[in-house]
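Work through the exercises below with the sequence and the coordinates open. Each task is followed by its solution in steps.

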Amino acid sequence: MKFSIPPGVFDIIPTNTQEIWKSSYLWDFVERTIRKTVRDYGYQEIRTPLFERTELFQRSVGETSDIVSKEMYTFEDKGGRSMSLRPEGTAPVMRSFIENQLHTIAPLQKLFYIAPMFRYERAQAGRYRQHHQFGAEAIGNSSPEQDAELIDLLYTLYKRLGLQNLSLNINSIGTISCRHTFRQALKDYLKPHLNNLSSDSQNRFETNPLRILDSKNAQDKQIVADAPSILDFLDEDSKIHFEQLKKLLKQLKIPYQVNPLLVRGLDYYNKTVFEVIVGELGAQNSIGGGGRYDGLLRELGGPDLPSIGFGTGIERIIQTMINQGIPLPSPSHPSLFLIPMGDEAKHLCFTLTHELRQQGIPTQMDFSGKKLGKVLQYADQIESTYVVVIGENELQTQEIELKELASGKKYKLTIDELAPTLKN
């Protein structure tokens with residue numbers, strides 16, 4: 001029986017000539033850039049389990065959200081407990097924050113994660129049933145400066161990776177009280193148009209009418225274009241917060257546009273919400289986004305601390321880099337490939353390979369014993385910078401010939417000179 005990969009997921013392999021974005025060296029480059037960027041901003045890594053109790057997501061994300069109602073991978077374990085593969089990263093981080101009492105360690109916790117998420121949805125470009133997400137959460141500060149810092153972190157990452165044509169959308173959805181008043185005004189506006197809305201939006205009319213505002217359906221977009229704006233329903237504190245955020249983004253020279261229709265898809269957001277979009281992704285053009293969720297910790301039984309976070313898909317980042325023609329890194333390759341000719345030379349090369357690696361010189365050697373032409377061909381395939389052949393003559397004289405494969409240049413030196421020469 002021949003096994004194949006399930007639908008909606010994919011392999012990441014060392015080099016993929018058919019779909020370059022599935023090459024692991026690109027993922028390694030992006031993840032290293034992420035880790036460098038978060039260190040510059042003072043964020044520390046947190047890792048949570050792949051699955052959690054289903055109630056965690058029902059409570060945090062919202063039972064009426066698409067994620068909980070349609071997309072979660074949920075199963076019953078052998079103890080009769082309902083478990084779900086994590087569909088998003090914030091709720092597990094909040095659970096871990098509470099359970100490990102991180103607020104007792106420092107008043108402000110700045111956390112990040114790079115992890116797979118799981119959602120059962122129609123597989124399409126940029127959307128998969130297992131996707132990988134970089135997320136950051138800042139817990140313990142309610143100031144607009146914290147909002148601006150987090151947006152700046154995300155924007156800086158994109159710029160360091162070379163992404164272009166970025167558009168930052170921001171909005172404020174205020175407090176629960178603001179949204180309650182706005183929700184009724186929105187329903188009053190939408191009611192005469194109810195029969196013309198898409199089936200998804202009709203279902204959301206009673207359960208979560210704000211989600212109709214960010215519908216991708218063309219007819220829905222036309223209807224909500226003249227809908228009331230939530231910005232007209234903000235309380236004074238939310239207005240001041242939003243105005244200060246806009247000033248801070250201008251101060252940082254981060255271009256943005258206010259989008260009153262932006263509400264994000266999760267129930268826990270309040271005040272600031274934001275999204276970065278890029279044209280090269282097509283209909284699903286959001287590359288990352290997030291917002292403030294000041295009441296979520298309290299809702300989950302933890303301390304009442306303000307929080308803000310974002311998530312961005314690594315698949316979408318890499319695909320955008322490729323679509324925009326951004327210069328990509330090359331796969332790693334050895335500095336030196338050693339070819340022993342005979343058993344005695346093999347023993348020497350094996351020790352020498354180890355010693356060179358200990359000095360930080362990427363080195364490989366031939367174990368196959370194949371004919372020299374075949375081994376040289378392999379060294380060329382893995383793009384080794386140099387090659388050295390060691391046989392009986394080299395063992396006697398302790399002198400070798402270092403050959404640069406790309407140019408064909410040759411250098412005479414002793415075996416003891418090999419390491420310092422390669423280092424220089």
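A residue counts as exposed when its relative accessible area is over 50%, as buried when that area is under 20%, and as partly exposed in between. The model used here is predicted.

**Exercise 1. Classify Glu-99 by accessibility, then describe its salt bridge with Arg-95.**

Step 1. Glu-99 has a relative accessible area of 58%. The cut-off for exposed is over 50%, so Glu-99 is exposed.

Step 2. Arg-95 has a relative accessibility of 21% and is therefore partly exposed.

Step 3. The salt bridge between the side chains of Glu-99 and Arg-95 has an N to O distance of 3.2 Å.

Step 4. Both residues belong to helix α4 (residues 90–99), where they are four residues apart, which means a separation of about one helical turn.

**Exercise 2. Find which parts of the chain are tied together by the salt bridge of Arg-59 with Glu-299.**

Step 1. The closest N and O atoms of Arg-59 and Glu-299 are 3.0 Å apart, and a salt bridge requires such atoms within 4 Å.

Step 2. Arg-59 is exposed at 51% relative accessible area, whereas Glu-299 is partly exposed at 38%.

**Exercise 3. Locate the two residues of the salt bridge between Asp-237 and Lys-271, and decide for Lys-271: buried or exposed?**

Step 1. In this salt bridge the closest N and O atoms are 2.5 Å apart.

Step 2. Asp-237 lies in helix α9 (residues 236–251) and Lys-271 in strand β9 (residues 270–278); the pair, 34 residues apart, links distant parts of the chain.

Step 3. Lys-271 has 10% relative accessibility and is buried, while Asp-237, at 46%, is partly exposed.

**Exercise 4. Describe how helix α1 packs against helix α11.**

Step 1. Helix α1 (residues 24–40) and helix α11 (residues 314–323) have axes 11 Å apart and an angle of about 110 degrees between them.

Step 2. Angles of 65 to 115 degrees count as roughly perpendicular, and α1 and α11 are therefore described that way.

Step 3. The crossing of α1 and α11 is right-handed.

Step 4. Among the residues of α1 in the contact are Trp-27, Phe-29 and Glu-31, and those of α11 include Ile-314, Glu-315 and Met-321. The contact has ten nonpolar, no polar and two charged residues.

Key:
Residues are numbered from 1 along each chain as its sequence is written. This is a predicted model: local features need pLDDT of at least 70, side-chain atom pairs count only at pLDDT 80 or more; totals for chains, interfaces and linings use all residues. Side-chain values use heavy atoms; hydrogens and water are left out. Buried means under 20% relative accessible area, exposed over 50%, partly exposed in between (1.4 Å probe, protein chains only). Helices (H or I, at least four residues) and strands (E, at least two) are DSSP runs, numbered from the N terminus. Axes are lines fitted to C-alpha atoms, for helices over the stretch in contact, and angles run from 0 to 180 degrees between N-to-C directions. Angles under 35 degrees count as roughly parallel, over 145 as roughly antiparallel, 65 to 115 as roughly perpendicular and the rest as oblique. A crossing is left-handed if the near helix is turned anticlockwise from the far one by less than a right angle, and right-handed if clockwise. Contact means heavy atoms within 4.5 Å. Ala, Val, Leu, Ile, Met, Phe, Trp, Tyr, Cys and Pro count as nonpolar, Asp, Glu, Lys and Arg as charged, and the others, Gly among them, as polar.
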